[in-house]
2 protein chains.
Amino acid sequence: MSGNLYVVGLGPGNSEMLTEQACKALADADVLCGYTVYVELVRPLFPEKETYTTAMRGEMDRCRWALETAAQGKNVALVCSGDAGVYGMASPVLELAGAYPQVSVEVVPGVTAALSGAAVLGAPLGHDFCVISLSDLLTPWALIEKRLQCAALGDFSLCLYNPASHKRKDHLQRAVDILLKAGKEKDTPCATVRNIARPGQEAQFYTLEALRSAPVDMFTTVFIGSSTTRQEGPWLITPRGYRNA
Amino acid sequence: MSGNLYVVGLGPGNSEMLTEQACKALADADVLCGYTVYVELVRPLFPEKETYTTAMRGEMDRCRWALETAAQGKNVALVCSGDAGVYGMASPVLELAGAYPQVSVEVVPGVTAALSGAAVLGAPLGHDFCVISLSDLLTPWALIEKRLQCAALGDFSLCLYNPASHKRKDHLQRAVDILLKAGKEKDTPCATVRNIARPGQEAQFYTLEALRSAPVDMFTTVFIGSSTTRQEGPWLITPRGYRNA
């Protein structure tokens, strides 16, 4: 008798942003599995549960462990921050799941940082938008560059994930230079949100030109407006339509 | 003494996909306000609450009513499906909120159809993606066309909202033609999800060429892969990285 494998998006890291579906999946699991920091976020809700944690880079091992354990009959919740499908664990799990046809996999969505960060700022993603990661660990920088150019040419609002890490200090600066060169205006309203829905949450507003030297780290999500985005008091607003633009 | 105005994303329409933060905002509200269909979704959770509902097109009136009512001291929850910020009510409310400085506005994020639909399909948005609405009610078709072209040139995965309505039957067909002309492959894996997380939920898989004549309506969300997206059994997967692509 095989178990279920739930791939669960926890939202930004505050249990208030869990969905009820995610809570039920965690409650139904025999074991909570994931990157240590994320498992610690939900462990207080289920202090009695078995846990299996791995360091940040052990992702494929974690997926295999979760599938093996479910195949042996346990219900497993593999947790990730934000949404399970947006730079999350759903795709690596499903890439391996074909070898475990007896395991029932369910992807449980969550509030990704594009949405939780946007809510802090108001409505920067109120119209068409792109989500792009600036991490070149698994993606050639040339492709990231092409996508930034296309996002600028299409006048999308942008949400950027992974704007920096210990090893990549200048990716946001390079991204801004690409966007400016591709035609985005220097005074395009932008903002960063750090530690979304966690202690020390902080929003900062910038022009695109100033964003170039904004302090960002791996806990920061970056928002860049379209040509219709404007800042009004504490809010960044991209109107839904062009009727009144 | 003014009230609070919560702009609340309900998720796809099943109370299981509400976040706890959204539940708390609804519980704290004196009145639930919104498009009739969405208010009816949550009324069973709070049968005693006052409600104010308007037809689909009465959006600016609804925003003004919500701000006026909060200014008079009531706590108001303005509800929308999915996320409050993605083609939702956050941006029209905030466009008007400057005239009501005494009202405290809070945007409460939710699981938008891009995420809830993607979870049904597996992980079609596992890497960089664009969200584009095909509704030209408030957006010139020329801009929609430009964004589709840029999304194709950037090899993004796409999630399309509003692929059709009673009056606009051929927008998906036109969108597919634009994507093909801009260089997307005919056999790019695609899918539609209808009635996400509601009775009658249905997923269908297509090639991009076949998507051209897929049956879609206003309850359908459309997913179009990048060049790395593949279908494996019942799943649509966009790998997170290119290491193994």
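This is a predicted model: local features need pLDDT of at least 70, side-chain atom pairs count only at pLDDT 80 or more; totals for chains, interfaces and linings use all residues.

Mentor: Residues are numbered from 1 along each chain as its sequence is written, chains are lettered from A and ligands numbered from 1 in the order in which they are written, and side-chain values use heavy atoms, with hydrogens and water left out.

Trainee: How many helices and strands does chain A have?

Mentor: Helices (H or I, at least four residues) and strands (E, at least two) are DSSP runs, numbered from the N terminus, and chain A has eight helices and 13 strands. Its radius of gyration (taken over C-alpha atoms) is 19 Å, close to the 18 Å that the globule rule (2.2 Å times the number of residues to the power 0.38) gives for 245 residues, so chain A is as compact as a globular protein of that length. The C-alpha trace of chain A spans about 60 × 35 × 35 Å along its principal axes.

Trainee: How is the size of an interface expressed, and what area do chain B and chain A bury between them?

Mentor: Interface size is often given as the accessible area lost when the parts come together. Buried area is that loss with a 1.4 Å probe, summed over both parts; here chain B and chain A bury about 5,600 Å², 58% of it on carbon and sulfur atoms. In chain B, the residues losing the most area to chain A are B:Glu16, B:Arg147 and B:Arg240, together 14% of what that side buries. Contact (heavy atoms within 4.5 Å) takes in 61 residues from chain B and 61 residues from chain A.

Trainee: What is the count of salt bridges between chain B and chain A?

Mentor: A salt bridge requires a side-chain nitrogen of Lys or Arg within 4 Å of a carboxyl oxygen of Asp or Glu, and the count between chain B and chain A is 10. One of the salt bridges pairs B:Lys24 with A:Glu16, whose closest N and O atoms are 2.5 Å apart.

Trainee: Which strands are joined across the two chains?

Mentor: Two strands pair if DSSP finds at least two bridges between them. Strand S7 (residues 129-133) of chain A and strand S7 (residues 129-133) of chain B run antiparallel and are joined by three bridges, with A:Val131 standing opposite B:Phe129.

Terms used:
Buried area is the accessible area (1.4 Å probe) that two parts lose on being put together, summed over both.
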